[in-house]
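Here is a short briefing on side-chain contacts and helix packing, to read with the model open beside you.

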Amino acid sequence: MFCSDDTLGGIELIKKISWLLCGCVLSVVLESRCVAQTSGQQSMTLEQAVAASLSNYPEIRAARARAEAANAGIDLAKTLYLPRTDLLWQENRATSNNIFGLLLPQNVIPAISGPALGTKSFDSAWGSAGGLLFSWEPIDFGLRKATIDLARATASQASAVMEVTQLDVATSAADAFLALLAAEQAALAAQANVDRLETFSKSVHVLVDNQLRAGADASRADAELAAARIQLIQAQQTVEINRANLARALGIAGDPVTVDAGPLLDLPQATSVSIPKFDTHPLATLQSAAIDAVRARERILDRSYFPRFNFQSAFFGRGTGLPLNGRTDTTKGLLPETPNWAAGISVSFPLLDFFSIRAKRRAEASNETAERARYDQTVQNLKAQDARARALLDAALRIAANTPIQLRAAQESALRARARYDAQLATVTEVAEAQRLLAQAEIDDAVARLGVWRALLAGASVQGDIKPFLQHVSTAPIQRRK
């Protein structure tokens with residue numbers, strides 16, 4: 001079969017269009033993947049990291065669910081005020097043999113109504129029953145209100161647990177963020193040290209090759225370079241470990257995380273920490289809620305040793321195919337044909353429950369004493385944490401004031417040692433020692449300012465709310481970048 005030139009041209013045009021479409025689709029796919037990778041590697045600020053941790057961390061979702069369950073318990077306790085209405089329908093087939101005599105309460109032998117007929121027949125007949133029982137307790141001497149108060153105290157306790165969990169998660173995420181920044185700055189300083197020692201090692205090898213220096217200098221330079229590389233590897237390992245810790249604190253363990261330092265590489269403008277109110281801290285609120293829960297249980301026990309009044313009203317019907325003459329009537333029994341109604345008030349009093357209630361009351365009183373002691377211990381712990389945070393802040397500020405001096409002196413020492421070595425007035429050991437001091441000074445200066453921020457974070461955690469700390473970070477100007 002032969003094709004014309006027009007047909008061949010059309011086929012070629014279709015091929016070109018197909019290749020063009022494939023290229024477009026491929027470019028779209030690659031672009032989407034690149035965008036996804038870029039979004040996955042997008043740097044996050046400290047505020048974004050804390051917000052992500054509060055949104056993703058599983059323990060917060062668990063605490064929120066427990067708080068919602070406790071709030072539902074309040075609605076459940078309020079249903080105690082509602083009357084109880086029970087419906088019953090029963091169909092059975094049984095014999096009519098019955099005897100007189102006492103039968104103690106039990107759950108094995110079915111109850112039989114009617115007189116003893118003196119028969120021993122195994123003939124059976126149908127029986128039926130249906131009814132409605134309405135029960136309501138008009139007087140409870142405050143027992144139901146005490147039960148509702150216990151449900152409210154439990155809900156307050158669950159809400160306090162959620163606040164403590166949110167504070168812990170937010171603080172842990174912020175601290176992990178700052179720890180990662182410190183590790184990255186230390187790794188940058190270690191990399192700079194490796195770069196300097198590589199340059200120095202090359203120059204020493206040139207001098208040794210030209211027999212201007214002893215071969216021991218080259219060996220010492222190589223050893224210092226290898227030690228600097230090992231230090232860099234360890235610093236990079238610390239970075240990755242802290243990156244994994246941050247991802248776990250954000251609730252996205254295993255995902256890549258990069259951070260944006262923002263103003264955190266500069267000293268904060270405000271470095272004062274106000275005196276916290278320890279009684280409003282979430283931990284103190286949680287312990288106070290625990291005391292309220294114990295006191296609510298005590299009120300329930302105080303109102304348990306009272307008579308119980310129950311108003312009951314019933315409407316029911318019975319049907320049987322076994323009349324008093326003992327002859328089975330197969331036409332009856334399937335429906336409750338005999339109606340009855342009843343109404344009354346029953347009063348019950350647990351007379352001997354006094355001893356068990358008294359024992360429970362003593363136990364709850366001891367529990368209250370224990371919870372109050374835990375509250376005092378919580379306040380003591382918060383005061384100790386506040387003193388520790390202030391000591392950390394004071395030391396961090398003084399260290400940050402001295403590290404620039406240390407860095408400038410180490411830089412000058414390294415330059416002079418190198419100049420003396422080039423002039424053959426110093427040994428390679430002096431240069432190596434100066435380089436080592438310079439590397440340590442760079443690391444100390446890099447993490448000193450972050451140490452101030454971490455101390456401020458510790459102080460904000462003792463305050464019970466790190467939002468002012470985050471606001472301080474977000475409004476601080478960026479003065480310089482490392």
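Asp 386 and Arg 390 meet in a salt bridge, with their closest N and O atoms 3.0 Å apart. The two residues sit four apart in helix α7, about one turn of the helix. Please keep in mind that this is a predicted model.

**Salt bridges**

- Across the whole structure, a search finds 24 salt bridges.
- In the pair above, Asp 386 counts as buried because its relative accessibility is 9%, under the 20% cut-off, whereas Arg 390 is partly exposed at 31%.
- Helix α7 also holds Arg 374 and Glu 371, three residues apart and about one turn of the helix from each other; their side chains form a salt bridge at 2.9 Å, N to O.
- Of these two, Glu 371 is buried at 16% relative accessibility, while Arg 374 is partly exposed at 44%.
- Glu 224 and Arg 436 form another salt bridge, the closest N and O atoms being 2.7 Å apart.
- That pair links distant parts of the chain, since Glu 224 belongs to helix α5 (residues 215-249) and Arg 436 to helix α8 (residues 428-463), 212 residues apart.
- Glu 224 is buried, with a relative accessible area of 13%, and Arg 436 is partly exposed, with 37%.

**Aromatic rings**

- The structure holds eight aromatic pairs.
- One of them joins Tyr 305 and Phe 349 in a tilted arrangement, 4.9 Å centre to centre with 55 degrees between the planes.
- Here too distant parts of the chain are linked: Tyr 305 lies in the loop between α6 (282-302) and β5 (308-320), and Phe 349 in the loop between β6 (338-348) and α7 (353-422), 44 residues apart.
- Tyr 305 is partly exposed at 25% relative accessibility, as is Phe 349 at 39%.
- Phe 354 and Phe 355 have ring centres 5.5 Å apart and planes at 75 degrees, so their pair is edge-to-face.
- Tyr 305, Phe 349, Phe 354 and Phe 355 together make up one aromatic cluster.
- Arg 213 lies over the face of Tyr 421, 3.9 Å from the ring centre.

**Helix α6**

Technical notes:
Residues numbered from 1 in each chain as written. Predicted model: local features only at pLDDT ≥ 70, side-chain atom pairs only at ≥ 80, totals over all residues. Heavy atoms only, no water. Phe/Tyr/Trp six-rings, centres within 6.5 Å; stacked < 30°, edge-to-face > 60°. Buried < 20%, exposed > 50% of the residue type's maximum accessible area, 1.4 Å probe, protein only. Lys NZ or Arg CZ within 6 Å of the ring centre and 35° of its normal. Salt bridge = Lys/Arg side-chain N within 4 Å of Asp/Glu carboxyl O.
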